[in-house]
Amino acid sequence: MSMFCFQCEQTVNNKGCTVNGACGKKSDTANLQDSLTSNLIALASAYNGKNTQQTDKLIIEGLFITITNTNFDNDFIKNFRGEIEKMGVKNVEKMDMNSLWTENEDIRSLKSMILFGLRGMAAYAHHAYVLGKKNDEVTAFFYKGLSAMTENLSADELLALVMEVGNVNLACMEMLDNANTTAYGTPVPTKVNCDIEAGPFIVVTGHDLHDLKLLLDQTEGKGINIYTHSEMLPAHGYPELKKYSHLKGNFGTAWHAQQKEFIDIPAPVLFTTNCIMPVLKNYSDRIFTTSIVAYPNMTHIGDDKDFTLVIEKALELGGYKSLHKAVSINGGGNTMTTGFGHGTILAVADTVINAVKQGDIKQFFLVGGCDGDKSDRSYYTEFVKQSPKDTIILTLGCAKYRFNDLNIGEIGGLPRLMDMGQCNDAYGAIKVAIALSEAFECTVNELPLSLVLSWYEQKAVCILLTLLSLGIKNILIGPSLPAFISPNILNALIEKFNLTPTSTPEADLKNILG
Ligand code: SF4
Ligand code: SF3
């Protein structure tokens, strides 16, 4: 076995990647990421309770680097490890990652849930921190959680810590929601065009709204249009971003289609976060990365965020000669609507509540999370297509690309499909659920609300843990269960939360709606 990784949904045979990663991660990179994780555990143990701004940055960025489809660049990872070693911590004396991967399967499962949850939470914390927000409880928990990796804890103690990851992640996501809305305003419903106008353009992908804003500033008045891609789509809803007239629309679909969609693209693509896939030769001269994303031999824009090279590339390539029509993926149209954050939905709470009371809305479904390239993810398209006309679909995360070009109609002036944003905006969905439960004087579990989640990487793990820590039951999860949840731990989660794998859209809809 030259590597071991089982942190994402596409892991080989739903057991583990042991030769190369199904994501394209080579064994040397996987082993370097394990060594980086060991360094981070050592750093967290040494600085637990004595953290500094510098150690906070290293821990949060270091965890983010190891998220699936984020960083494939060995030199980048080696340099980053060097920064940690400068702090006087070389490795973990009590354990290396191999000892974690070979522990008793339940302990390994629980520690994996903590580690992968922390990786996801680090991504969300990073986005809030670059916008100047901090939360001491969240920061401190990275140290506590990582330190626990070397501690001899019982399964019960670890399970309590797993729930604590979820609980602290709620505070983290609230901080991020506050950071985004303070910086860019409350999102408003916005129709986004997917056709590309003639002339030079830049495609910007990932989740980092701050990088997008800097790029919009630097391209203003230069005759270059900006198009979002994948998880950047919800940027169009923010007043402080949509005010830029050269933020034109959205290019392409979800992350896993990039190797097809970037072929022959006459424009550069800027990756601000995951998900980056192995870069094909055909478009490798057009890929730029920044922040914690990196891929060997691609131009990386450093902390000065000087996007001149990206701008020059856009002007050199020149864009399409005439209007480039988008191809609809799910048989819908070539526009998508986003911007239904909690601010917008709660502003029409009275309309929603009345519609439920009058029987016009029978059920809410939150169909969201990550997308991936396996064909069984057509479940989510079919689920939305088959959902009855008196139901509302809320969505978030890149899973929306399975159905967000569909027009499924309205109920009393409310669109039946509402895109609440990135996976980064999951706090908004929780806020809406809690507000509805207060309005109906019941618990969230008693609401006519079903969560149908789609997972792929570690950000989905921390969000799932947050939902469980809030006591939310009956969550449907697919397209498969995480390989790192052992049978015993799965049984415990089923018993306590009735966490259920998705089956078929027909059966699941029948089961929910009776
Ligand atoms: Fe395999 Fe996923 Fe790990 Fe990549 S991130 S090596 S696909 S488990
Ligand atoms: Fe998507 Fe990678 Fe998870 Fe942000 S961009 S949801 S998979």
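This is a predicted model: local features need pLDDT of at least 70, side-chain atom pairs count only at pLDDT 80 or more; totals for chains, interfaces and linings use all residues.
**Salt bridges, a ligand shell and a covered helix**

The structure holds 20 salt bridges.

A pair within one helix comes first. Lys57 and Glu61 form a salt bridge whose closest N and O atoms are 3.0 Å apart. Both residues belong to helix 2 (residues 53-65), where they sit 4 residues apart and are therefore separated by about one helical turn. An α-helix has 3.6 residues a turn, so residues three or four places apart point the same way. The two partners can also be described by their accessibility: Lys57 is partly exposed, at 45% relative accessibility, whereas Glu61 is buried, with a relative accessible area of 16%.

Lys305 and Asp211 meet through their side chains in a salt bridge of 3.0 Å, N to O. Lys305 lies in the loop between strand 7 (299-301) and helix 11 (308-317), while Asp211 lies in helix 8 (residues 209-219), 94 residues apart. Lys305 is buried at 14% relative accessibility, and Asp211 is buried at 2%.

A salt bridge also connects Asp285 with Arg286, with 2.9 Å between the closest N and O atoms. Here Asp285 is partly exposed, at 40% relative accessibility, but Arg286 is buried, at 10%. This pair takes part in a network of salt bridges that links Asp285, Arg286, Lys313 and Glu316.

Attention now turns to the ligand. Ligand 1 is surrounded by 13 residues, of which the closest are Cys5, Cys8, Cys17, Cys23 and Thr68.

Helix 16 is mostly covered, with 11 of its 12 residues buried; among them are Val461, Ile463, Leu464 and Leu467. What do the buried residues of helix 16 pack against? Their neighbours are helix 5 (105-130), helix 7 (155-184), helix 15 (426-439), strand 14 (449-454), strand 15 (476-478) and helix 17 (487-497). At the start of helix 16, a side-chain oxygen of Glu457 comes to within 2.8 Å of the backbone nitrogen of Lys459. Just after helix 16, Gly471 adopts a positive phi of about 80°.

Methods: Residues are numbered from 1 along each chain as its sequence is written. Chains are lettered from A and ligands numbered from 1 in the order in which they are written. Side-chain values use heavy atoms; hydrogens and water are left out. A salt bridge is a side-chain nitrogen of Lys or Arg within 4 Å of a carboxyl oxygen of Asp or Glu. Helices (H or I, at least four residues) and strands (E, at least two) are DSSP runs, numbered from the N terminus. Buried means under 20% relative accessible area, exposed over 50%, partly exposed in between (1.4 Å probe, protein chains only). A residue is near a molecule or strand if one of its heavy atoms lies within 4 Å of it. Contact means heavy atoms within 4.5 Å. A polar contact is a pair of N or O atoms within 3.5 Å; within protein, one must be able to donate a hydrogen and the other to accept it, and residues adjacent in sequence count only if both atoms are side-chain atoms.
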